[in-house]
Amino acid sequence: MDATRRVLCNNHELFNPMLAMGMQISLILVLSHLFQIVLKPLGQPGPISQILSGFVLGPSCISRIQYIKRVFFQDMSGDYYETMALFSRIIFMFLIGLETDIGYLVRNLRSATTIAAGGCITCTIFAAAITPFIYHQTAAHGPTFTMVLMLAVVFSNAAAPFVIRIAVELKFATTDFGRLVICSSLISDMYAVLLVVISSRSKHSRSLMTWLLYGLLALVLVIAVIVANMYLTNWLNRKNPNEKHLKNTEAFIILSIIVITAMIIEYMGFNSMIACFLLGLMFRRAGKTTRTLLPKLNYAVHNFIYPVYLGYVGFQADITSINSLQGLSCVVVVVLLGLGGKITGTLAACHHLGISLREGVLFAFLMNVKGHVDLVALSIGLQNKVSLFTLENSLLLIMQIVTSPDFYPLMVVTLVVNTLIVGPTIVCMVRRETDTLGYGHLSLEWQDPEVELRMLVCVHGPRHVATMVGLIAALRGPDRGPVNAFMMHLIELPEKTNTDLMYHQREDDELSDDDAYGGNDVVEINQAVDNFNAETGVLIHQTKAVSPFLNMHSDVCDRAEGMRASMIFLPFHKHRRIDGRMETGKDGIRTANQKVLRHAKCSVAILVDRGISRSSQSSGAESLQQVATLFFGGPDDREALGFSKRLGMHHHMNLTIIRFLPESSKGGQYVGVNIAHKEDNVVMAVTDREAENEADTAMLTDFYNRYVTTGIVGYVEKYVENGNDTASALRELADLYTLFIVGKGGRGQSPLTIGMSDWEECPELGTVGDLLASSDFDTSGSVLVVQQHRISKNEDDK
């Protein structure tokens with residue numbers, strides 16, 4: 001027993017630092033959750049709570065007690081912490097690359113680079129200017145250039161992992177502003193990593209040519225692993241086609257390849273963060289491989305790696321090291337110059353790009369989040385040597401690192417202080433910018449077709465997938481803006497039944513795990529989406545909602561709000577039988593659709609599927625699709641017309657706009673499309689109906705000039721007297737089109753539809769949509785009924 005006690009208490013034993021690190025990790029996790037419980041209601045993001053937990057546990061607070069200090073601060077513990085931090089960086093940099101929106105990054109590369117460059121260049125200049133002062137105050141010895149590089153990393157780094165986490169928790173990561181911030185922070189991180197590479201430690205004395213050769217080998221290794229991952233993921237996706245996810249062993253093999261590659265690059269003397277990010281960025285996004293890795297890595301990173309990593313940042317801060325006026329002045333100067341450099345450079349870049357001052361200030365503070373690459377750079381201060389090269393001599397000169405007993409602890413304190421200042425400031429500014437960062441839905445009526453279309457497509461089973469992905473394919477193309485599509489599989493949560501079986505005696509695991517819901521439908525849906533991705537290259541993000549039909553609308557509306565969707569697509573509760581008749585499915589689907597129409601904060605479209613050929617739209621191998629947009633007037637019809645802008649430009653879509661007008665306007669009293677329309681200089685009170693007519697005519701005029709006169713879209717006017725005439729006209733069109741697009745309603749008591757509601761069966765489709773979807777309506781064309789979101793009085797008050 002005494003021998004065991006001596007082993008555990010001996011600071012030089014191998015396993016003692018491991019035990020200390022395990023205790024620290026456990027306490028950091030507990031404290032971070034406690035702080036989160038207190039600070040989350042105040043709006044503070046998770047990174048603040050996690051840094052505070054490490055700070056409280058560290059030498060600034062609890063570890064000042066001698067007994068705790070002897071347990072936590074032991075010989076060799078620093079090496080264990082650095083190793084843990086290294087593996088953490090490998091995992092979450094790979095995950096960041098895996099989640100990065102490549103399309104958005106490419107489209108906005110110039111803007112993101114301009115903002116990142118503005119802050120980085122200014123911070124580098126400030127670092128060079130302040131280096132003599134810091135060098136003198138910390139009584140440092142060694143090359144001044146090394147300290148310039150280290151301070152430049154501290155000032156310019158934007159800590160992209162933590163910026164992403166803050167953006168997600170404050171719910172603006174999916175806005176255009178948030179996505180641009182994330183891209184800019186990633187570029188700032190890459191700049192900081194390059195500075196780290198220049199000032200990184202080398203184990204051997206190498207010439208410049210040797211250093212370049214090792215760099216080339218590292219690049220070749222990364223490219224080889226990227227290519228190997230493509231073949232490996234394709235093979236794993238095809239293997240076991242009836243499985244929903246990869247096996248744990250297969251996922252472990254992929255992660256092992258990433259870790260081994262990163263370790264080889266580290267052994268070569270280079271930092272592996274850029275390599276890990278590139279491996280994730282170029283990883284194949286579609287298939288079961290990504291569907292397996294994303295949830296597993298997200299859970300591990302967000303619940304374990306981030307809290308421990310950020311807690312370790314706070315744990316290293318020791319305010320007792322500021323025991324003099326010189327130390328305090330260093331902290332104040334570094335924090336102020338770091339903030340000033342980023343704010344000055346970022347605001348200048350934002351002004352150049354035309355970004356408003358208020359958004360620019362918020363941008364600058366978000367780019368000031370620290371605690372990532374800068375920790376790697378400062379850890380150089382703990383090493384013996386740093387490798388610097390000069391092109392003048394073409395030799396790699398090995399110089400002694402800057403040595404100072406005060407520099408490293410002071411810089412760590414500045415990182416923590418900076419983040420604890422910036423974090424609450426960001427929260428206050430985000431709350432102030434709710435109008436800009438909130439869910440400000442812009443109707444398709446006002447959207448330009450070149451703008452990215454974000455859509456949430458809902459399916460209840462494989463039956464709906466083919467038509468839905470065909471619709472997505474028809475909305476993409478070189479002539480329109482990009483499509484950001486999410487597919488949500490809606491699964492009914494069955495009611496719990498009373499049973500006498502014990503848990504371990506159950507006949508199935510239907511209620512044991514969320515992944516078990518959906519059965520074989522999940523496999524079929526995944527295969528359809530994967531095939532679509534292989535044919536078109538369009539990535540569809542998949543998600544799942546398991547809930548009773550009564551509450552299913554909440555999942556749909558919350559997801560649409562979270563992704564800033566412009567439109568939600570819902571399947572109709574009826575489906576087509578073999579004989580062509582419409583058969584009613586589950587009544588709960590209709591209930592869910594009605595609630596989504598009432599509660600959604602964006603436009604909603606219900607698709608009555610009678611079989612649109614997906615292959616004709618995706619691959620272009622089949623016949624031309626004939627599409628008709630029926631326009632009676634009103635906001636819903638204008639929204640349907642706005643949707644048709646994107647659909648009509650597809651090379652396998654022949655779109656025709658059919659406007660219904662009263663018979664009395666045939667003589668010219670009612671203008672259909674007035675291209676030369678001018679407002680009279682007469683001030684007069686107009687009714688709501690007159691205002692709607694003016695809005696209809698204005699939109700049709702613009703649509704006519706842009707698309708009809710150029711021959712892209714056809715235009716027809718139908719003159720009818722009443723609802724009976726309208727129904728007869730629709731029956732004449734029944735066999736001419738494969739898809740009808742129409743607004744739900746919002747046209748008031750139009751004389752064109754009077755009497756049609758007498759046989760209305762599904763009011764959620766509107767008068768015209770209900771007729772087109774009826775089993776009595778002899779047509780093989782599908783119907784898309786569009787409802788425009790109109791801001792309610794309560795929303796407007798908010």
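Colleague: What is the mean pLDDT of the protein chain?

Modeller: This is a predicted model, where local features need pLDDT of at least 70 and side-chain atom pairs count only at pLDDT 80 or more, while totals for chains, interfaces and linings use all residues. The mean is 78, and 79% of the residues reach 70 or more; pLDDT is the predictor's confidence in each residue, from 0 to 100. Residues are numbered from 1 along each chain as its sequence is written, and side-chain values use heavy atoms, leaving out hydrogens and water.

Colleague: Why is Lys 574 with Glu 761 called a salt bridge?

Modeller: The rule wants a side-chain nitrogen of Lys or Arg within 4 Å of a carboxyl oxygen of Asp or Glu. Here the closest N and O atoms are 2.8 Å apart, so the pair counts as a salt bridge. Lys 574 lies in strand 7 and Glu 761 in the loop between strand 13 and helix 28, so the pair ties together parts 187 residues apart in sequence.

Colleague: What makes Lys 574 buried or exposed?

Modeller: Buried means under 20% relative accessible area, exposed over 50%, and partly exposed in between (1.4 Å probe, protein chains only). Lys 574 has 8%, so Lys 574 is buried. Glu 761, at 43%, is therefore partly exposed.

Technical notes:
Helices (H or I, at least four residues) and strands (E, at least two) are DSSP runs, numbered from the N terminus.
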